[in-house]
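Keep the 3D view open and follow along as the residues come up.

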Amino acid sequence: MKIFKYRVLNHILFWIFIFTFYTVPYLLSYGFVIEAFINIIYIPIDIIGVYIVIEYLIPRFVFKKRRFEIFILGTAVIIALNIAISQFIKLNIQPLLGFWVVRRPFSSEMFSALLNNFMIIGTATAFKLFSYSYKFQLTQSELERKTVQSELGILRSQVNPHFLFNVLNNIDALIYEDKEKASNAIVLLSKIMRYMLQESTHEMVKLDKELSYIQDYLELAKLSFADPDFLEFEQKGAPNSQFVPPLLFIPIIENAVKHCNKQSESPGVKINFSIDSDCIELRTSNSVKRNNFKLPDSGTGTGLKNVEKRLKLLYGSNFTFDIKKDMDKFDVHIKVPV
């Protein structure tokens, strides 16, 4: 609501409305413009009263100290003073200026004065409270957004070193086994690191870039397996213009590769992507040793636990994250909207 950005204009429009509200009916009834000019005499009194209430009483005794009884008492005093000054002007100043005065019974005069003051001060107070509530909600939303982004940044910062640590360990092992494979691994690692440096800081990235990054990682992972068919990757559907959070899927894939049983029959690791117009699904399945089964990353606290935290921050409850495990196999299923 951009109207709240223009504070001075809002106040000018408010007082134009008040003056018009009390002047137009008078003109329509009597038709004398000079008589309507009387309202200009009373506007400064109303302005002083309104701004004492909305700029002093409300901020001090409603927003900060929450002393509503002082606010109500102060407002009552302002209204009483406003009525007294207005009556003095009406009975003493107005005749001196040549304007005629309509004398009414005291009860009728007080009721009309109270109604006018409650209308003007009440309307101004309502606008003040609504404006404060709106700005407070904006501030809270921005604070929550920054908190979420900060938490997501922390989670991503935990993923990157963890991933890099595992890759460097694999390359270190390859240097002694096969220098050519190690060289290929370094090339793949450079592509992976380039993506992580350039794209991972963004809130969202294109799905095709994320999939290319994942495929580079899988090519790197295959170098550590004797059988190239040990790791199976399947993709259903093609990326179009979908966007996803960066590095969301890699911890799941990494855990499947890292914690698989390399002595099992091929394929020991299965990775399946299903891409639809409104959602993306990832399923991973890896074999595990019966006598050495444990939840991946149970000791480090990263990996799958971070994925679940990120999903909750990013999607609330609008996601699927299932883990199934038995003595021989560990399955993970994730489904997110796009």
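**Starting at α7**

Helix α7 buries Leu207, Glu210, Leu211, Tyr213, Ile214, Asp216, Tyr217, Leu218, Leu220 and Ala221. Buried here means under 20% relative accessible area, exposed means over 50%, and partly exposed is in between, using a 1.4 Å probe and protein chains only. Helices (H or I, at least four residues) and strands (E, at least two) are DSSP runs numbered from the N terminus. α7 covers residues 207–222, and its end C-alpha atoms are 22 Å apart, which agrees with the 22 Å that its 16 residues should span at 1.5 Å a residue. That expected span is 1.5 Å times one less than the number of residues.

Before going on, a word on what you're looking at: this is a predicted model, where local features need pLDDT of at least 70 and side-chain atom pairs count only at pLDDT 80 or more, while totals for chains, interfaces and linings use all residues. Residues are numbered from 1 along each chain as its sequence is written, and side-chain values use heavy atoms, with hydrogens and water left out.

Now zoom out. The chain has nine helices and seven strands, and 38% of its 338 residues count as buried. Take the contacts (heavy atoms within 4.5 Å) with a separation of 6 or more: residues 24 or more positions apart account for 72% of them.

Next, the aromatic rings. Rings of Phe, Tyr and Trp (its six-membered ring) pair if their centres lie within 6.5 Å; planes under 30 degrees apart count as stacked, over 60 as edge-to-face and the rest as tilted. The structure holds 10 such pairs. One of them is Phe17 with Phe21, a tilted pair at 6.0 Å centre to centre with 35 degrees between the planes. Both sit in helix α1 (residues 7–30), four residues apart, about one turn of the helix. An α-helix has 3.6 residues a turn, so residues three or four places apart point the same way. Phe17 is partly exposed at 44% relative accessibility, and Phe21 is partly exposed at 42%.

Tyr195 and Tyr213 make a stacked pair, 4.6 Å centre to centre with 15 degrees between the planes. This pair links distant parts of the chain: Tyr195 is in helix α6 (residues 179–199) and Tyr213 in α7, 18 residues apart. Tyr195 counts as buried at 9% relative accessibility, and Tyr213 counts as buried at 2%. Elsewhere, Phe14, Trp15, Tyr51 and Phe127 form one aromatic cluster.

In the model, residues 70–90 are 100% helix, with end C-alpha atoms 30 Å apart. Residues 110–130 are also 100% helix, and their end C-alpha atoms lie 29 Å apart. Thr75 is buried, with a relative accessible area of 12%. Leaving aside neighbours within four places in sequence, Thr75 is in contact with Val53, Leu57 and Ile121.

Finish at helix α9 (residues 304–315), where Leu304, Asn306, Val307, Arg310, Leu311 and Tyr315 are buried. Seen down the axis of α9, these buried residues fall within an arc of 150 degrees, so they line one face of the helix; the arc is that of the directions from the helix axis to the C-beta atoms. Just after α9, Gly316 takes a positive phi of about 65 degrees.
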